[in-house]
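Welcome to this short tour. Please open the model in your viewer and keep the selection panel at hand.

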Amino acid sequence: MADKSNDPVVLWQTMIGEMEKGFNSFANQAMASPEFSRAMNQAGGAAAGAQKQLGELMEKYLLAMNLPSRSQLVGMAERLQSIEGQLNEIKALLHQVHHNSAAPAGGYGTARPPRTKRPPSPGGEQK
Amino acid sequence: MNASAGLGLAARDLAELPDRIQSEVQRAIQRSIKGVEYFSTSGPSLGSTPKDILHVRGTMNLYHYRPIADEIYRVPILIVMATTNRGYILDMVPGQSFIEFLLKRGYDVYMLDWTAPKPEEKTLGMEDYVLDFIPDCVRRVQQDSGETDITVIGYCFGGVLSLLYGAIFNDGPMKNLICFTTPIDFREMKLFQNFSDRRYFDVDRLIDSVGNVPPEMILSSFEMLRPASRAASQVQLWENIWNDEFVKSYRMFDRWATDTLPLAGEYFRDITKDLMWDNKLYNGTMSVGGRKADIADIKVPILHAVAEHDHIVPYDAAKHLIARVGSKDKEEVMLKGGHVSLVAGANAIKRLWPKLDSWLGGKST
């Protein structure tokens, strides 16, 4: 396109970009006021309290229905995670044992590279 | 511009109009096809650089990335990730991975990454992160690598944790410190300051009610900094959905940005009271678990990379870091871009990563 200022697609994109900037800037100014902070925190505090009460109520309801609650499922997930963690520990230990026992001469291909690297000389090629 | 030139330009535009219309029609068709594809497929696989899990303890995960160079630097790197987000921002896809870059340049890389703290981990405080998790990982890195010295790299709040660690354990073993977009003057995080205004924000009530701070709350507080940007980015996605590269990049960054972690309750309480309200890191009055944590006590070489258009950590919140640390060898580098593109965007690949390599290489032997 010869002149981008005449391109409707470019004009559209510029308009979206400018609208985004304008709205962000306007909203940032509004959100910087103490009134905004007060209103936001009042609403947030009430929502957090309500959420806690609802959670407790649901827990009792699920118990009465003989169904597992979220916290019980989370507990099971935690046990699984703990088992997974222990498996990882075992894996890391095995890896370490294997690494320690790997013969340096000939090796098994899993031995780590030597820690002998030097930075390239100024203007030199990066290794 | 004279009248004849203006007419010439308009005539040229008119001549190109059929091609332009054809191209837009093709894109509209592609949008429909790719739009269906977008919703029926998953994004690219992220964080796939081969690694071993060295240790997992609750929210803490320590990874070791498998070296790929024939020869590596003596001093290993421990990356401390921000506690609000996942570490794969530094390991997106091959060719766009900071981790892969470091491995190719011959560094031995470990990462302290976080998973969502469980409900019973709500009691974890700043003390657990700075005096337990980081030192534990440092010990494990020393044991695994067989080296005493360690370079620590902290991203965003991972930088704050690294600074606190470095200030307290200032006699070693940290040999070099690199911080990415790390705030120290929390008065300058203006909107976060207003959101957590102590006159209206009852942090104790919040934590006592919810335990851990839910990820939705963290995400919405980030999104509120630029409330129109999510809608605008979706318009941009629709316009560019015919462009596979754009879509791939959009999906990677969008997935990461929305993959926010909850924060442990006590830790959030500590951050709010000590940093947001009392600005103790900047004032030099910070202590963790009763131990003084003044960044003036950090003496190791330090590099701080900041982004010119960072809306999460504005430059004013980060600019005093270099002046305040006690190191003689210290440098700040400011790059174009935002909070995320600094470490993972095109600018990162072209500028930040090579700069970091040239700064760190000589200090890693």
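Which residues does B:Leu112 touch, not counting residues up to four places away in sequence? Select B:Leu112 together with B:Met60, B:Leu62, B:Leu78, B:Ile79, B:Val80, B:Met81, B:Phe133, B:Ile134 and B:Cys137, and you have its contacts; two residues are in contact if their C-beta atoms, placed from the backbone, lie within 7 Å.

A word on the model: it is predicted, with local features needing pLDDT of at least 70 and side-chain atom pairs counting only at pLDDT 80 or more, while totals for chains, interfaces and linings use all residues. Residues are numbered from 1 along each chain as its sequence is written, and chains are lettered from A in the order in which they are written.

Now for the core. B:Leu112, B:Leu78 and B:Val343 touch the most other members of the largest nonpolar core, which has 106 residues. Such a core is a set of buried Ala, Val, Leu, Ile, Met, Phe, Trp, Tyr and Cys residues joined through C-beta atoms within 7 Å; buried means 20 or more other C-beta atoms within 10 Å. Colour helix H3 of chain B (residues 126-145; helices are DSSP runs of H or I, at least four residues) to see the largest share of this core, 9 residues.

Next, select B:Val93, in the loop between strand E3 (77-80; strands are DSSP E runs of at least two) and helix H2 (98-104) of chain B.

Finally, show both chains: 38 residues from chain A meet 43 residues from chain B.

Key:
A residue is buried if 20 or more other C-beta atoms lie within 10 Å of its own, exposed if 12 or fewer, and partly exposed in between; C-beta atoms are placed from the backbone.
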